[in-house]
Amino acid sequence: MQEIHLTAQSHNSVIRCGQGVFETYAPKYKEGQFFIVTDSNVFALYRHLLWETFGININIKILPAGEKSKTHKYLFEILKEMLNCGMRRNCTVIAFGGGVVGDIAGLAAALYMRGVNLVQIPTTLLAQVDSSVGGKTAVDMCGVKNVIGTFYQPQEVLADPRFLETLPEKEIRCGLGEIVKYGALDGGIFAKLTENKNNLKDLRFLSEIIYRCIAHKAKVVKDDERDLNGLRKTLNMGHSTGHALELYYGKKSHGEYVLIGMYFELFIARKLGICTGQYAEELKSLILSVIKKIPYYADLEKAADYAKFDKKNNDEKISLIVPKALGESTEIKLGLEEYVKLLKECGGGL
Ligand code: ADP
Ligand code: ZN
C-alpha cells in the first residue's frame with residue numbers, strides 16, 4: 001500500500017493506493033454520518049461488500065450506470081436524498097464508482113450545506129489514475145460536458161486495484177489511454193510502460209503503474225490546482241484532437257480517443273520537427289500496443305471543427321500539448337487550416 005499527500009491550496013488530500021486499501025481504510029467512515037453515491041452496475045457487483053463494510057442500513061443513491069446520469073437532475077436528486085436522510089454539515093459523501101459517480105458525487109459534496117467531506121473510492125482504471133485525483137467535479141448540461149462544476153478536493157482517495165478484477169476489457173483499455181498519456185509526460189512511467197508493453201493489462205503491473213500516475217498527477221495539481229499557470233494543461237495531451245473526434249464520432253471510450261488523439265498529435269509533432277528520433281518511434285509503438293489499429297476517419301475536417309471550442313484555446317488558434325522528448329511536452333498553436341491539413345496527412349493509416 002502506498003500513500004501520496006496532495007497539499008493543494010484549497011484542501012489537503014491523502015491518496016492511498018494498492019491492494020487492501022479499501023478493506024483497511026473504508027470501514028472508519030461508518031463511525032460518522034455518511035452518504036454513498038454509486039451506480040447500478042457497481043452496486044450489483046459490490047453490494048455485499050458495501051453491506052459488510054458499512055452495514056445494511058446505509059444511506060445510498062444508486063444512479064443509472066453511464067454518462068447520461070451526469071446531469072443536474074440527478075445532482076439534485078442526490079442533494080434531496082441527503083437532506084431527507086438528515087445529513088449534517090459534518091457528514092461524508094462517499095463516491096463509490098467510476099468517473100461519472102466521482103464527478104457528480106463530488107459536486108454534490110461541494111454544494112451540500114456549502115461543502116461537506118468527500119471520499120473518492122474509484123472503481124474504474126480511468127477514475128483511479130485520473131479523475132478521482134485533483135478535485136475536478138462536474139455535471140453536463142445541454143449536451144455540453146462538465147459545464148457546471150467546481151474544484152473540490154476529496155479528503156481521501158482509496159484506489160484499490162481489487163475493483164479492476166470485474167472491469168470489462170474495454171474499460172481497462174480506456175484507462176490505459178490516460179496511462180500512456182502519463183507515459184508521454186513522465187520519463188519514469190514511459191520506461192515502465194515500454195518494458196511491459198506486452199503485459200499492460202496485467203493487474204499486478206497495473207497496480208504499480210496506478211501509483212506512479214497518481215503521483216505524477218498529484219505533483220502537477222499541487223503546483224497548478226486551478227489550471228492557471230499552464231502546468232495542469234499538460235495533462236490534456238492527446239485531448240484536443242481526441243475530444244474533437246469523440247464529439248464528432250463518439251463510438252469509443254474517452255481513453256481510446258485520448259490515445260487516437262495522441263497518435264495524431266505525435267504525427268504533427270514529428271512533422272514539425274518537435275519530436276524526433278528513437279523516442280518518437282517508441283512512443284508511437286507504445287500507443288499502437290494498446291490501440292492496435294487507428295481507424296480511418298473520412299470527415300477529419302468536420303471533426304476538427306470541434307477542436308475550435310476546446311477550452312485551452314485563448315484565441316482563434318488550436319492549442320495542442322504535444323510530446324517533445326522523454327518526459328517533456330510543449331504547447332503549440334496552429335491555425336485551423338494548418339491543423340486540418342496535418343490531420344489529413346496523418347489520415348489514420350500510417
Ligand atoms: P469512467 O470511469 O470510465 O469515467 P463510468 O463511471 O461511466 O466512466 O464507468 C464506466 C462503466 O464501468 C460504467 O458502466 C460503470 O457502471 C462500470 N464500472 C465501474 N466500476 C466497475 C467495476 N469495478 N467493475 C465493473 N464495471 C464497473
Ligand atoms: Zn481524459
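This is a predicted model: local features need pLDDT of at least 70, side-chain atom pairs count only at pLDDT 80 or more; totals for chains, interfaces and linings use all residues.
Figure 1. Helix H2 contributes the most to the shell around ligand 1, four residues. H2 (40-54) and H4 (99-111) each provide at least two shell residues; helices are DSSP runs of H or I of at least four residues, strands are runs of E of at least two, and both are numbered from the N terminus. Around ligand 1 there are 17 residues, of which Asp39, Gly99, Thr123, Thr124 and Thr166 come nearest (near: a heavy atom within 4 Å). The shell comprises nine nonpolar, six polar and two charged residues; Asp, Glu, Lys and Arg count as charged, Ala, Val, Leu, Ile, Met, Phe, Trp, Tyr, Cys and Pro as nonpolar, and the others, Gly among them, as polar.

Residues are numbered from 1 along each chain as its sequence is written, and chains are lettered from A and ligands numbered from 1 in the order written. Local features need pLDDT of at least 70 and side-chain atom pairs pLDDT 80 or more, while totals for chains, interfaces and linings use all residues; side-chain values use heavy atoms, without hydrogens and water.

Figure 2. For Asn41, a polar side-chain atom is 3.0 Å from a ligand 1 oxygen. The protein buries 86% of the 570 Å² that ligand 1 exposes when taken alone (Shrake-Rupley, 1.4 Å probe).

**Figure 3. Strand E9 and its partners.** Strand E9 (residues 156-159) runs parallel to E2 (residues 12-17), with four bridges, and Ile15 stands opposite Val157. E9 is also parallel to E6 (residues 117-122), through two bridges (strands pair at two or more DSSP bridges); Val119 has Glu156 as its bridge partner. Glu156 and Leu158 point one way, Val157 and Ala159 the other, and all are buried (under 20% relative accessible area, 1.4 Å probe, protein chains only).

How values were computed. A polar contact is a pair of N or O atoms within 3.5 Å; within protein, one must be able to donate a hydrogen and the other to accept it, and residues adjacent in sequence count only if both atoms are side-chain atoms. Buried means under 20% relative accessible area, exposed over 50%, partly exposed in between (1.4 Å probe, protein chains only).
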